Amino acid sequence: KNNEFSQAIKSFRYFIAVWNNQKRQQRQAEASITNPANSGVDSISEDSIHIAPLVQLSGFTKKLFTSYRLAQGALYGLQALLAYALMLIVMTYNMNLILSIVVGEAVGYFLFTGDPFVDHQLTDCC
């Protein structure tokens with residue numbers, strides 16, 4: 001079933017590549033009709049160099065691969081790794097380990113969630 005899905009993805013990518021190539025050829029034909037002086041010139045443009053969309057350095061990918069987003073993704077991966085490790089520890093059914101995880105989560109939530117100064121101002125205003 002997975003092989004069929006990968007074949008479907010490959011076929012779809014091939015279809016998109018052929019479709020883009022036809023569109024590019026149509027644009028070049030239209031450009032040569034409107035400006036016949038440049039029809040024989042072999043100029044390299046953004047449309048003639050095809051790279052996979054996520055590898056191509058365009059405005060979108062420059063915004064996508066910022067150092068902040070890369071660090072955010074790495075920290076999310078670390079958080080997921082720790083969550084799965086804690087889940088495996090809890091699955092040992094050792095009550096001492098489970099209790100230490102719950103207490104650690106509660107202390108971490110208390111220390112690192114929210115801003116105590118903002119909470120204090122909210123209670124004073126009303």
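Which residues in α3 meet which residues in α4? L86, I89 and V90 in α3 meet L97, I98, I101 and E105 in α4, where contact means heavy atoms within 4.5 Å.

Please note that this is a predicted model, in which local features need pLDDT of at least 70, side-chain atom pairs count only at pLDDT 80 or more, and totals for chains, interfaces and linings use all residues. Residues are numbered from 1 along each chain as its sequence is written, and side-chain values use heavy atoms, with hydrogens and water left out.

Let us turn to the geometry of the pair. Helix α3 spans residues 67–90 and packs against α4 at an angle of about 145 degrees, the axes being 9 Å apart. Axes here are lines fitted to C-alpha atoms, for helices over the stretch in contact, and angles run from 0 to 180 degrees between N-to-C directions. The crossing of α3 past α4 is left-handed: the near helix is turned anticlockwise from the far one by less than a right angle.

Next, one residue. F110 lies in helix α4, residues 95–112. Why is F110 classed as exposed? F110 counts as exposed because its relative accessibility is 67%; exposed means over 50%, buried under 20%, and partly exposed in between, with a 1.4 Å probe and protein chains only.

Finally, the whole chain. Its secondary structure comes to 5 helices and 0 strands, these being DSSP runs numbered from the N terminus (helices H or I, at least four residues; strands E, at least two). Of the 126 residues in the chain, 3% are buried.
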